[in-house]
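Work through the exercises below with the model open. Each task is followed by a stepwise solution.

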Amino acid sequence: MERKKELIRTIKFVLFSASAGIIELGSFTLLDAITNWPYWPKYLIALVLSVLWNFTLNRKFTFRSANNVPLAMLKVACYYAVFTPVTTVLGNYLAESLGWKDVLVTILNMGLNLVTEYLYDRFVVFGKTIDTNDLARDGFRRKQ
């Protein structure tokens, strides 16, 4: 039963992350089309929009956590305090110095983000508070 719950949790995370990816890629593409900005500001704006979307959905529906929202967001901010500079500098180097397509670099960053953020959210941000919100409690009551 526990394996099935984790599989469903992982599938939800991937689907919500895909929706966040659409937001990130869409906003990045829009900024790319309407500005002459270098890679990094387009990437940062798109990343922030997708993170807010992804955090909100995954907290409520994937991890079903009733934890302290500011504390959870602080933990996510710590993840992005490492992830963002690394991927911004590396992405900018790949796009500006090596001539890789901006969109390809963004997609690679999104894949790296999907895997590392799931693990971080699952075990650090929401680890001890998984299945504690109203959705989880209501589902537990219906099964009894």
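A contact means heavy atoms within 4.5 Å. The model is predicted: local features need pLDDT of at least 70 and side-chain atom pairs pLDDT 80 or more, while totals for chains, interfaces and linings use all residues. Residues are numbered from 1 along each chain as its sequence is written, and side-chain values use heavy atoms, without hydrogens and water.

**Exercise 1. Describe the protein chain as a whole.**

Step 1. Assign the elements: helices are DSSP runs of H or I with at least four residues, strands are runs of E with at least two, and numbering starts at the N terminus. The protein chain has five helices and zero strands.

Step 2. Take the extent. The C-alpha atoms fill a box of roughly 60 × 25 × 25 Å along the principal axes.

Step 3. Sort the contacts by separation. Of those between residues at least 6 apart in sequence, 78% join residues at least 24 apart.

Step 4. Find the burial, where buried is under 20% relative accessible area, exposed over 50% and partly exposed in between (1.4 Å probe, protein chains only). Of the 144 residues in the protein chain, 38% are buried.

**Exercise 2. Determine how α3 and α4 are arranged.**

Step 1. The axes of α3 (residues 69-97) and α4 (residues 102-125) come within 10 Å and cross at roughly 155°.

Step 2. Classify the angle: under 35 degrees is roughly parallel, over 145 roughly antiparallel, 65 to 115 roughly perpendicular, and the rest oblique. The two helices α3 and α4 are therefore roughly antiparallel.

Step 3. List the contact residues. Among them are Tyr 79, Tyr 80 and Phe 83 of α3, and Leu 112, Tyr 120 and Val 124 of α4.

Step 4. Sort them by type, with Ala, Val, Leu, Ile, Met, Phe, Trp, Tyr, Cys and Pro as nonpolar, Asp, Glu, Lys and Arg as charged, and the others, Gly among them, as polar. The contact of α3 with α4 has 13 nonpolar, five polar and four charged residues.

**Exercise 3. Characterise the surroundings of Asp 102.**

Step 1. List its neighbours. Beyond four places in sequence, Asp 102 touches Phe 28, Asp 32, Tyr 39, Lys 42 and Ala 95.

Step 2. Examine one neighbour. Phe 28 belongs to helix α1 (residues 2-34) and is buried, with a relative accessible area of 0%.

Key:
Axes are lines fitted to C-alpha atoms, for helices over the stretch in contact, and angles run from 0 to 180 degrees between N-to-C directions.
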